[in-house]
Amino acid sequence: MSVQKALEGRFSCRKFAETPLPRTVINDLLKTVQKTASWCNTQPWAIDVISGESLKKLSDSLIQSASSGDVPNPDFDFPEQYSGVFRERRKVCGLQLYDSVGIQKGEVEKTKEQSLENFNFFSAPHALFISTPKELGLYGALDCGLYISSFMLLAQELGINTIAQAAVASYPDVIRQHVQIDINRNLLCGISFGYGEESHPVNRYRTERESIENVAVFYD
Ligand SMILES: Cc1cc2nc3c(=O)[nH]c(=O)nc-3n(C[C@H](O)[C@H](O)[C@H](O)COP(=O)(O)O)c2cc1C
């Protein structure tokens, strides 16, 4: 598969089959993703992969925190607001998601339920957490962003579905009770992965992208 095909074909998967991936497949995937570039080749990412009973226990704890209304306390501040075009794009992306599963505007309970699926890792058999050393600041986080993209694209090539999830970084203290993320590192986000239930309605819609005229400026 070309990178172009992987980019065109991938999507955020929000319903996974239970089938776990063989450990060798995960190892090979991670080995290749290590080729990701980083500033000064610092390779700032640390990856914690969680599966099976450990993932189930973590999920229970996160659902407990999220559903009892614990205030998110992410290592990196979440955006304070989304204004203008960002607000609009965020709105459209939310509407597409809720539309796909037949949730109407104002159906608060159902919306909350769907949102809690984040903490169930969308039923994925595996999740990983990516963290970056505090001392490397913004550029460490930038390198981790490249890593996330490499992971998602290579997974796509291998027929593995993924979703990056900042939502799970809402409760780093809870995650640190299950996974050893050093206190000198900031948890950035999670990625749930496995084989997607491609026929599930939540996996059937695709998000749009801005045309390059509105994004790129050429100076000749
Ligand atoms: C860093 C990052 C964090 C994300 N966090 C979440 C999340 O917490 N929950 C969720 O449902 N989707 C999350 N997404 C998925 C985005 O909503 C999705 O990538 C975007 O809407 C574009 O759609 P696509 O991935 O299907 O192309 C995240 C994506 C990225 C790159």
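## Exercises on a predicted chain

The buried residues of helix H6 are covered by, among others, helix H1 (3–9), helix H2 (23–33), strand S2 (126–133), strand S3 and strand S4 (185–194). The model is a predicted one, in which local features need pLDDT of at least 70 and side-chain atom pairs count only at pLDDT 80 or more, whereas totals for chains, interfaces and linings use all residues. Residues are numbered from 1 along each chain as its sequence is written.

Helices (H or I, at least four residues) and strands (E, at least two) are DSSP runs numbered from the N terminus. A residue is buried if 20 or more other C-beta atoms lie within 10 Å of its own, exposed if 12 or fewer, and partly exposed in between, with C-beta atoms placed from the backbone. Two residues are in contact if their C-beta atoms, so placed, lie within 7 Å.

### Exercise 1. The whole chain

State how many helices and strands the chain has, and in which pattern they follow one another.

*Solution.*
- Step 1. The secondary structure comprises 7 helices and 4 strands.
- Step 2. Along the sequence these elements give the pattern α-α-β-α-α-α-β-α-β-α-β.
- Step 3. A compact globule of 220 residues would have a radius of gyration near 17 Å, and the 18 Å of the chain agrees with this. The radius is taken over C-alpha atoms, and the globule rule is 2.2 Å times the number of residues to the power 0.38.
- Step 4. Along the principal axes, the C-alpha atoms fill a box of roughly 50 × 50 × 35 Å.
- Step 5. Of the 220 residues, 26% count as buried.
- Step 6. Among contacts between residues at least 6 apart in sequence, 85% join residues at least 24 apart.

### Exercise 2. Helix H6

Determine whether the span of helix H6 agrees with its number of residues, and list its buried residues.

*Solution.*
- Step 1. The expected span of a helix is 1.5 Å times one less than its number of residues.
- Step 2. For the 21 residues of H6 (residues 137–157) this should give 30 Å, and the end C-alpha atoms, 31 Å apart, agree.
- Step 3. Buried in H6 are Gly140, Asp143, Cys144, Tyr147, Ile148, Phe151, Met152, Leu154, Ala155 and Gln156.
- Step 4. After H6 comes Gly159, with a positive phi near 80°.

### Exercise 3. Helices H3 and H4

Describe which residues of H3 are buried and where they lie around its axis, then give the count of buried residues in H4.

*Solution.*
- Step 1. Helix H3 (residues 52–67) has 16 residues and reaches 22 Å from its first C-alpha to its last, close to the expected 22 Å.
- Step 2. Its buried residues are Leu55, Leu58, Ser59, Leu62 and Ala66.
- Step 3. Viewed down the axis of H3, these residues fall within an arc of 105°, so they line one face of the helix. The arc is that of the directions from the helix axis to the C-beta atoms.
- Step 4. An α-helix has 3.6 residues a turn, so residues three or four places apart point the same way.
- Step 5. The buried residues of H3 pack against strand S1 (46–51), helix H5 (108–116), S2 and helix H7 (172–176).
- Step 6. Glu53 and Asp60, on the other side of H3, are exposed.
- Step 7. Helix H4 (residues 84–100) is hardly covered, for its count of buried residues is 0 among 17 residues.

### Exercise 4. The shell around the ligand

Identify the residues that surround the ligand and sort them by class.

*Solution.*
- Step 1. A residue is near a molecule or strand if its C-beta atom, placed from the backbone, lies within 6 Å of it.
- Step 2. The ligand is surrounded by Phe11, Ser12, Cys93, Asn118, Ile163, Ala164, Gln165, Ala166, Ala167, Cys189 and Thr207.
- Step 3. Strand S3 (residues 161–165) gives the most to this shell, with 3 residues.
- Step 4. The shell has 7 nonpolar, 4 polar and no charged residues. Ala, Val, Leu, Ile, Met, Phe, Trp, Tyr, Cys and Pro count as nonpolar, Asp, Glu, Lys and Arg as charged, and the others, Gly among them, as polar.

### Exercise 5. Positive phi in loops

State where Gln43 and Ser123 lie, and give the phi of each.

*Solution.*
- Step 1. Most residues other than glycine have a negative phi.
- Step 2. Gln43, in the loop between H2 and S1, has a positive phi near 45°.
- Step 3. Gln43 counts as partly exposed, with 15 C-beta neighbours inside 10 Å.
- Step 4. Ser123, in the loop between H5 and S2, has a positive phi of about 65°.
- Step 5. Ser123 is likewise partly exposed, with 18 C-beta neighbours inside 10 Å.
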